[in-house]
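I opened my notebook to work through one protein model slowly, and to write down each thing as I looked it up.

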Amino acid sequence: MKLNPLLRKGIAEAMGVMVFVTSIVATSMNPTFKNFALAGTLTLMILLTATISGGHLNPAVSFFFYARREINLSTLLTYWIAQLAGGALGTYLGLSLTGSTIKPMNTSTVSQSGALIGEVLATTVLILIIVRLATTKREAIIPFAVGIWVLAASTFTVTGAQANPAVTFGLMVRDGFTQDNLMLVLAQFIGALLALVYIVVLDGSAKKKKVKK
(Lines give C-alpha, C1' and ligand atoms only; values in the text may rest on other atoms or scores of the structure.)
Protein backbone atom coordinates (compact mmCIF):
# COMPACT_ATOMS: atom_id res chain seq x y z
CA MET A 1 0.00 0.00 0.00
CA LYS A 2 1.48 3.32 -1.11
CA LEU A 3 0.81 6.16 1.30
CA ASN A 4 1.20 9.88 0.84
CA PRO A 5 4.77 10.65 2.02
CA LEU A 6 3.64 13.24 4.57
CA LEU A 7 0.93 10.93 5.92
CA ARG A 8 3.51 8.17 6.21
CA LYS A 9 5.75 10.46 8.26
CA GLY A 10 2.85 11.48 10.47
CA ILE A 11 1.92 7.88 11.17
CA ALA A 12 5.54 7.14 12.11
CA GLU A 13 5.61 10.09 14.51
CA ALA A 14 2.30 9.09 16.11
CA MET A 15 3.44 5.48 16.55
CA GLY A 16 6.79 6.45 18.05
CA VAL A 17 5.27 8.86 20.56
CA MET A 18 2.48 6.42 21.43
CA VAL A 19 4.89 3.63 22.35
CA PHE A 20 7.14 6.02 24.26
CA VAL A 21 4.27 7.44 26.34
CA THR A 22 2.93 3.92 26.88
CA SER A 23 6.26 3.02 28.47
CA ILE A 24 6.10 6.08 30.74
CA VAL A 25 2.62 5.23 31.98
CA ALA A 26 2.98 1.46 32.15
CA THR A 27 6.25 1.46 34.13
CA SER A 28 4.15 2.13 37.22
CA MET A 29 4.20 -1.68 37.50
CA ASN A 30 7.95 -1.62 38.05
CA PRO A 31 9.09 1.86 39.12
CA THR A 32 12.57 0.60 40.01
CA PHE A 33 13.52 0.42 36.34
CA LYS A 34 11.24 3.21 35.11
CA ASN A 35 13.98 5.57 33.93
CA PHE A 36 15.84 2.81 32.10
CA ALA A 37 12.64 1.58 30.46
CA LEU A 38 11.55 4.94 29.11
CA ALA A 39 15.07 5.88 27.94
CA GLY A 40 15.45 2.54 26.18
CA THR A 41 12.02 2.82 24.59
CA LEU A 42 12.74 6.33 23.30
CA THR A 43 16.05 5.19 21.83
CA LEU A 44 14.38 2.33 19.97
CA MET A 45 11.51 4.49 18.71
CA ILE A 46 13.94 7.04 17.30
CA LEU A 47 15.84 4.23 15.58
CA LEU A 48 12.60 2.88 14.09
CA THR A 49 11.29 6.22 12.82
CA ALA A 50 14.50 8.08 11.94
CA THR A 51 14.56 7.00 8.29
CA ILE A 52 10.84 7.73 7.85
CA SER A 53 10.10 10.99 9.63
CA GLY A 54 13.44 11.97 11.07
CA GLY A 55 12.47 10.55 14.45
CA HIS A 56 11.44 13.88 16.01
CA LEU A 57 8.81 12.37 18.36
CA ASN A 58 8.64 15.74 20.08
CA PRO A 59 6.74 18.94 19.12
CA ALA A 60 9.55 21.10 20.54
CA VAL A 61 12.10 19.34 18.34
CA SER A 62 9.86 19.77 15.30
CA PHE A 63 9.37 23.45 16.17
CA PHE A 64 13.14 23.90 16.34
CA PHE A 65 13.63 22.41 12.88
CA TYR A 66 10.77 24.51 11.51
CA ALA A 67 12.37 27.66 12.95
CA ARG A 68 15.58 26.59 11.21
CA ARG A 69 13.58 26.15 7.96
CA GLU A 70 14.52 22.50 7.74
CA ILE A 71 10.86 21.46 7.56
CA ASN A 72 7.94 23.45 6.17
CA LEU A 73 4.71 24.52 7.88
CA SER A 74 2.57 21.66 6.58
CA THR A 75 5.10 19.15 7.87
CA LEU A 76 5.26 20.91 11.23
CA LEU A 77 1.48 20.89 11.65
CA THR A 78 1.22 17.26 10.53
CA TYR A 79 3.92 16.26 13.02
CA TRP A 80 2.28 18.20 15.86
CA ILE A 81 -1.11 16.60 15.27
CA ALA A 82 0.45 13.15 15.03
CA GLN A 83 2.65 13.63 18.10
CA LEU A 84 -0.19 14.91 20.30
CA ALA A 85 -2.46 12.09 19.13
CA GLY A 86 0.30 9.61 19.89
CA GLY A 87 0.70 11.07 23.36
CA ALA A 88 -3.00 10.73 24.14
CA LEU A 89 -3.19 7.20 22.73
CA GLY A 90 -0.08 6.19 24.64
CA THR A 91 -1.62 7.34 27.90
CA TYR A 92 -4.72 5.24 27.43
CA LEU A 93 -2.73 2.25 26.17
CA GLY A 94 -0.48 2.43 29.22
CA LEU A 95 -3.50 2.59 31.52
CA SER A 96 -5.08 -0.36 29.73
CA LEU A 97 -1.92 -2.45 30.13
CA THR A 98 -1.65 -1.83 33.86
CA GLY A 99 -5.14 -0.92 35.01
CA SER A 100 -3.47 1.91 36.90
CA THR A 101 -4.11 5.62 37.13
CA ILE A 102 -1.74 8.50 36.55
CA LYS A 103 -1.00 10.52 39.63
CA PRO A 104 -0.58 14.25 39.02
CA MET A 105 2.99 15.47 39.44
CA ASN A 106 3.67 16.26 43.08
CA THR A 107 5.44 19.58 43.39
CA SER A 108 4.51 20.17 47.01
CA THR A 109 8.14 19.95 48.08
CA VAL A 110 9.61 21.69 45.04
CA SER A 111 8.80 25.15 43.76
CA GLN A 112 7.02 25.48 40.44
CA SER A 113 10.01 27.49 39.25
CA GLY A 114 12.20 24.44 39.90
CA ALA A 115 9.97 22.30 37.70
CA LEU A 116 10.00 24.90 34.93
CA ILE A 117 13.76 25.38 35.05
CA GLY A 118 14.21 21.61 34.86
CA GLU A 119 12.06 21.39 31.73
CA VAL A 120 13.84 24.30 30.05
CA LEU A 121 17.22 22.70 30.79
CA ALA A 122 16.18 19.20 29.73
CA THR A 123 14.67 20.41 26.45
CA THR A 124 17.50 22.77 25.57
CA VAL A 125 20.20 20.16 26.05
CA LEU A 126 18.13 17.51 24.27
CA ILE A 127 17.90 19.62 21.12
CA LEU A 128 21.54 20.71 21.29
CA ILE A 129 22.61 17.07 21.42
CA ILE A 130 20.55 16.28 18.33
CA VAL A 131 21.80 19.27 16.35
CA ARG A 132 25.46 18.98 17.28
CA LEU A 133 25.59 15.31 16.40
CA ALA A 134 23.74 15.94 13.14
CA THR A 135 25.99 18.80 12.08
CA THR A 136 29.15 16.86 12.89
CA LYS A 137 28.05 13.87 10.82
CA ARG A 138 27.38 11.61 13.80
CA GLU A 139 23.67 11.08 13.16
CA ALA A 140 23.95 7.35 13.80
CA ILE A 141 24.49 7.85 17.53
CA ILE A 142 21.70 10.42 18.03
CA PRO A 143 19.16 7.83 19.31
CA PHE A 144 21.61 6.53 21.90
CA ALA A 145 22.77 10.00 22.97
CA VAL A 146 19.18 11.15 23.39
CA GLY A 147 18.37 8.04 25.42
CA ILE A 148 21.35 8.64 27.69
CA TRP A 149 20.40 12.27 28.24
CA VAL A 150 16.79 11.41 29.04
CA LEU A 151 17.98 8.73 31.46
CA ALA A 152 20.35 11.17 33.17
CA ALA A 153 18.03 14.19 33.24
CA SER A 154 15.11 12.14 34.56
CA THR A 155 17.07 11.54 37.76
CA PHE A 156 17.60 15.20 38.66
CA THR A 157 14.45 16.99 37.49
CA VAL A 158 11.21 16.96 39.44
CA THR A 159 9.23 16.40 36.25
CA GLY A 160 11.28 13.36 35.25
CA ALA A 161 12.64 15.38 32.31
CA GLN A 162 9.54 15.19 30.16
CA ALA A 163 11.21 17.65 27.74
CA ASN A 164 8.41 16.87 25.30
CA PRO A 165 5.04 18.65 24.89
CA ALA A 166 3.51 15.46 23.47
CA VAL A 167 4.36 13.58 26.67
CA THR A 168 3.00 16.41 28.82
CA PHE A 169 -0.13 16.56 26.68
CA GLY A 170 -0.66 12.81 27.03
CA LEU A 171 -0.52 13.10 30.80
CA MET A 172 -2.79 16.15 30.75
CA VAL A 173 -5.45 14.16 28.92
CA ARG A 174 -5.76 12.09 32.08
CA ASP A 175 -4.77 14.61 34.77
CA GLY A 176 -6.46 17.70 33.36
CA PHE A 177 -5.21 20.79 31.58
CA THR A 178 -3.98 22.55 34.68
CA GLN A 179 -1.99 25.77 34.68
CA ASP A 180 1.06 23.95 36.06
CA ASN A 181 1.05 21.47 33.17
CA LEU A 182 0.49 24.17 30.57
CA MET A 183 3.46 26.05 32.03
CA LEU A 184 5.58 22.94 31.52
CA VAL A 185 4.69 22.98 27.82
CA LEU A 186 5.68 26.66 27.67
CA ALA A 187 8.99 25.84 29.37
CA GLN A 188 9.68 23.13 26.79
CA PHE A 189 9.18 25.54 23.88
CA ILE A 190 11.37 28.10 25.65
CA GLY A 191 14.02 25.38 25.77
CA ALA A 192 13.68 24.92 22.01
CA LEU A 193 14.08 28.68 21.47
CA LEU A 194 17.16 28.80 23.70
CA ALA A 195 18.68 25.95 21.71
CA LEU A 196 17.97 27.90 18.52
CA VAL A 197 19.64 31.02 19.92
CA TYR A 198 22.68 29.00 20.92
CA ILE A 199 22.98 27.42 17.49
CA VAL A 200 22.46 30.68 15.56
CA VAL A 201 24.60 32.95 17.75
CA LEU A 202 27.29 30.75 19.22
CA ASP A 203 27.62 27.66 17.06
CA GLY A 204 29.04 28.78 13.74
CA SER A 205 29.54 25.22 12.51
CA ALA A 206 25.81 24.47 12.37
CA LYS A 207 24.59 24.90 8.80
CA LYS A 208 21.03 25.27 7.64
CA LYS A 209 19.59 22.69 5.31
CA LYS A 210 17.07 23.18 2.55
CA VAL A 211 13.39 23.04 3.45
CA LYS A 212 12.06 19.51 3.06
CA LYS A 213 8.80 19.13 1.18
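**Ground rules.** I am working with a predicted model, in which local features need pLDDT of at least 70, side-chain atom pairs count only at pLDDT 80 or more, and totals for chains, interfaces and linings use all residues. Residues are numbered from 1 along each chain as its sequence is written, and side-chain values use heavy atoms, with hydrogens and water left out.

**Ring pairs.** I took rings of Phe, Tyr and Trp (its six-membered ring) as paired if their centres lie within 6.5 Å, with planes under 30 degrees apart called stacked, over 60 edge-to-face and the rest tilted. By this rule I have four aromatic pairs. The centres of the F63 and F189 rings are 5.6 Å apart and their planes stand at 85 degrees, so I noted this pair as edge-to-face. Because F63 sits in helix α3 (residues 59-67) and F189 in helix α8 (residues 179-202), the pair ties together parts that are 126 residues apart in sequence; helices here are DSSP runs (H or I, at least four residues), numbered from the N terminus.

I then looked up accessibility, where buried means under 20% relative accessible area, exposed over 50% and partly exposed in between (1.4 Å probe, protein chains only). F63 is partly exposed at 22%, and F189 is partly exposed at 21%. The rings of W149 and F156 have centres 6.0 Å apart and planes at 65 degrees, so they too are edge-to-face. W149 is buried at 16%, whereas F156 is partly exposed at 47%. Ring pairs also link F63, W80 and F189 into a cluster.

**Nonpolar cores.** I counted as a core a set of buried Ala, Val, Leu, Ile, Met, Phe, Trp, Tyr and Cys residues joined through side-chain atoms within 4.5 Å. The largest has 39 residues, and L42, F64, F65, L126, I127, I130 and V146 touch the most other members. Helix α5 (112-135) is among those that supply at least two residues, and α5 gives the most, with eight. Leaving out residues up to four places away in sequence, I127 touches A60, V61, F64, A192 and A195.

**A loop residue.** Is Q162 buried or exposed? Q162 lies in the loop between α6 and α7 and is buried, with a relative accessible area of 13%. Its side chain makes a polar contact (N or O atoms within 3.5 Å, one able to donate a hydrogen and the other to accept it; residues adjacent in sequence count only if both atoms are side-chain atoms) with the side chain of T168, at 2.5 Å.

How values were computed
Contact = heavy atoms within 4.5 Å.
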